[in-house]
Amino acid sequence: MKSVYDEVYARSMQDPQGFWAAAAEDIYWEKRWDRVFDDSRKPFYRWFTGGVLNTCYNALDLHVDRGRGKQRALVYDSPVTDTVKAFTYSELRDAVARVAGALRRQGIGRGDRVIIYMPMVPEAVMAMLACARIGAIHSVVFGGFASNELAKRIDDAKPKLVLSASCGIEVNRVIPYKPLLDGAIELSAHKPERCVILQRPQETAPLATGRDLDWNDFMAGAPPAECVPVAATDPLYILYTSGTTGVPKGVVRDNGGHAVALKWSMGGIYGVGAGETYWAASDIGWVVGHSYIVYAPLLKGCTSILYEGKPVGTPDPGAFWRLISQHGVNVLFTAPTAFRAIKKEDPQGTYMKKYDLACFRTLFLAGERCDPDTLHWAEEKIGVPVIDHWWQTETGWPIGANCVGLGTLPVKAGSPTKAVPGYDVRVLSEENKDLPAGQIGSIAIKLPLPPGCLPTLWNNDAGYETSYLTKHPGHYLTGDAGYKDEQSYLYIMSRVDDIINVAGHRLSTGAMEEVLASHPDVAECAVIGVADEIKGEVPVGFVVTKAGVARSEAAIAKELVEKVREQIGPVAAFKTAIVVKRLPKTRSGKILRGTMKRIADGQEYTIPATIDDPAILGEITEALQGKGYAKTG
Ligand code: COA
Ligand code: AMP
């Protein structure tokens, strides 16, 4: 017998327009679309052209208008400031309308870009929704990025205004944000006209006269702004993500397709209904935060949790269980790394037993490959289904999942289950042929992508085509490699590019290599992702110094670590740089990063036939062993 999933999936493939038009009925449109799907400018496909809506209206006002005003929309839980504060839909709508009014008073309107560089505070969520309310385009930059990365985003997005805060709090450390912002604006060619700073009591930032404005002054007397109708195809936000070089890619999200897909996903994938409590333990700086802290739960009429804390250390590995119990969380979404951290500190799950978790129904994991150990530990200790699912910044919502809302399929450890309705996922060979079950290839999605996925890169149609559409004509390149089994379960094994996943954060080793290469003593370098018990992977850098450099290797390594932290940010978690005499290369000069990674991870490897000098592999092994890697047996 066919499962519900099979039927729904087949329908989404046979009649995508009918499928998504039906899903779009769940959204309030100021004006209905002229065309569900528009392929008039291939390969830049658009969904719901001619449609007019407002995303913020659908996320807030609609629920107030339909009687959900007294329900909690957002619960801010911050163990690092000892705060719990809930906002009902009415309260959040009113607060957002005032932030929108304050933005408008600063001259921000439809199509203007606003950068949000803020910690996990309610004002950050309000800022995102306020932009959506007046048709401005937000671009949230994760707080763990340093000035240089922020500057790149300022130069690309060209914001009129930046919303920031005086500081973030990392467990018990106050991280001043303002110097990073000032540093970024000094570096950037584009200068935002205005910076609005939320002064937090833990650290007050000095304000630059003429440019900076205190959040309270920005808000004082601001009239509430109504929702501005925008085109379905207008950008809602830009979110930068790592590419293969130091230049981040500005992923664009539209309004119409995004609202339709995200609202559908709450029921279809997560099995969550209006009135339920949904918690994505991520950061608003990442796509998970955009989609599943802010937009999807609110579009669906859920209560969403905004957590300013960590899985461990704030104050203990029981933090997740405390929140689930205290706020009645039905569904939790986080990255496997968070569970590895909890498992390490509380292997017996002792803290879990202190809390009543009766409300907790399903755990979703994504952001990196979920190792079967972590999956089984979570299943066994929590006793709820643990669902791995796979997606990326570009798609904005899951590509592969066990769609709980369509009837949970049997879980296979190591697989995020099957393609989600709307996605025609293929495993392709170098020659663009579909590979049979069990064979690893490049995972691609046959065009068109479903609603919600990126229509292009910000101001860079050509970059969109070359990055994603050129490798496999007629398909979108996910950048992941893997296979399908006989039952069409997907297995996502690795990246085909130089992207690594550090604690669920996507980082480019190429970008780190650019930083290392800019050190005056460095002749050449390579950065690889090495397996890490908690973070999944961590970067390790190898450098060869220029002839004649006589400084101590330790001093150079320390400078390199500092340089990456300064130029990319602490989020890179770059803590190991090793000075070596030579790098292993093929005879044509290509650095053998894959072989180096296998050595570092203590895996068996074959000496590549094309290697220039196999003896170098021994030197690399020794160097890695000196740092505690390359353990065999
Ligand atoms: N602002 C400033 N600095 C930040 C930051 C922020 N928003 N977020 C992280 N950092 C810093 C951290 O303090 C740390 O700095 P350090 O090198 O001085 O210690 C560094 O960036 C690395 O952070 P992180 O990778 O988060 O490591 P961690 O050791 O602090 O925590 C985990 C490890 C596993 C607990 C943590 O990564 C986690 O909770 N992950 C959850 C998964 C997640 O959010 N994934 C996102 C996609 S779903
Ligand atoms: P990001 O754009 O930061 O969300 O990172 C997306 C990338 O993370 C994907 O392309 C994968 O490489 C990886 N990823 C995300 N979820 C999973 C998963 N469930 N299994 C394996 N890899 C994943």
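Predicted model: local features only at pLDDT ≥ 70, side-chain atom pairs only at ≥ 80, totals over all residues.

User: Is G441 buried or exposed?

Analyst: G441 is buried. Its relative accessible area is 11%, and the cut-off for buried is under 20%, so G441 qualifies.

User: How far apart are G441 and K152?

Analyst: In sequence, 289 residues separate G441 and K152. In space, their C-alpha atoms are 33 Å apart.

User: Switching to the inside. How many residues does the largest nonpolar core have?

Analyst: The largest nonpolar core has 125 residues. L129, L163, Y292 and W397 have the most contacts inside it.

User: Which helix gives the largest share of this core?

Analyst: Helix α5, residues 122-134. It supplies 10 residues, the largest share.

User: And what lies apart from that core?

Analyst: Another core, of 61 residues. Its members include A205, L516, V543 and L583.

User: How many residues of helix α10 are buried?

Analyst: 14 of its 14 residues, so by the under-20% cut-off helix α10 (residues 287-300) is mostly covered. Just after α10 comes G301, with a positive phi of about 85 degrees.

User: OK, ligands now. Which residues come nearest to ligand 1?

Analyst: E170, R173, K310, R565 and K575 come nearest. They belong to a set of 21 residues around ligand 1.

User: What's the class breakdown of that shell around ligand 1?

Analyst: The shell around ligand 1 has 9 nonpolar residues, 6 polar and 6 charged.

User: Which side chains have an N or O atom by an oxygen of ligand 1?

Analyst: R173 and R565 are two examples. In the side chain of R173, an N or O atom is 2.9 Å from an oxygen atom of ligand 1. For the side chain of R565, that distance to an oxygen atom of ligand 1 is 2.8 Å. There is a backbone case as well: a polar backbone atom of G143 is 3.4 Å from a nitrogen atom of ligand 1.

User: How much of ligand 1 does the protein cover?

Analyst: 85%. On its own, ligand 1 has 940 Å² of accessible area.

User: Why does ligand 1 lie between domain 1 and domain 2?

Analyst: Because both domains give residues to its shell. Domain 1 is 4-309 + 389-482, and domain 2 is 503-625.

User: Now ligand 2. What's closest to it?

Analyst: H389, T393, D480, R495 and R506 are the closest. In total, 15 residues surround ligand 2. By class, they are 4 nonpolar, 5 polar and 6 charged.

User: Which polar side-chain atoms lie by ligand 2, and at what distances?

Analyst: One is in D388, at 2.8 Å from a nitrogen atom of ligand 2. Another is in T393, at 2.5 Å from an oxygen atom of ligand 2. Q392 also has a side-chain N or O atom 2.9 Å from an oxygen atom of ligand 2.

User: And how much of ligand 2 gets buried?

Analyst: The protein buries 92% of the 500 Å² that ligand 2 exposes when taken alone.

User: Last one: where is D38?

Analyst: D38 is in strand β1, residues 35-38. With 11% relative accessibility, D38 counts as buried.

User: What does the D38 side chain contact?

Analyst: The R35 side chain, through a polar contact of 3.4 Å. The S40 side chain too, through a polar contact of 2.6 Å.

Terms used:
Residues numbered from 1 in each chain as written. Chains lettered and ligands numbered in written order. Heavy atoms only, no water. Core = buried A, V, L, I, M, F, W, Y, C linked by side-chain atoms within 4.5 Å. Buried < 20%, exposed > 50% of the residue type's maximum accessible area, 1.4 Å probe, protein only. Helix = DSSP H or I, 4+ residues; strand = E, 2+ residues; numbered from the N terminus. Near = heavy atom within 4 Å. Polar contact = N/O pair within 3.5 Å; in protein donor to acceptor, adjacent residues only side chain to side chain. Areas by Shrake-Rupley, 256 points an atom, 1.4 Å probe, with all protein chains shown as cover. Nonpolar A, V, L, I, M, F, W, Y, C, P; charged D, E, K, R; others polar. Domains from an automatic or database assignment.
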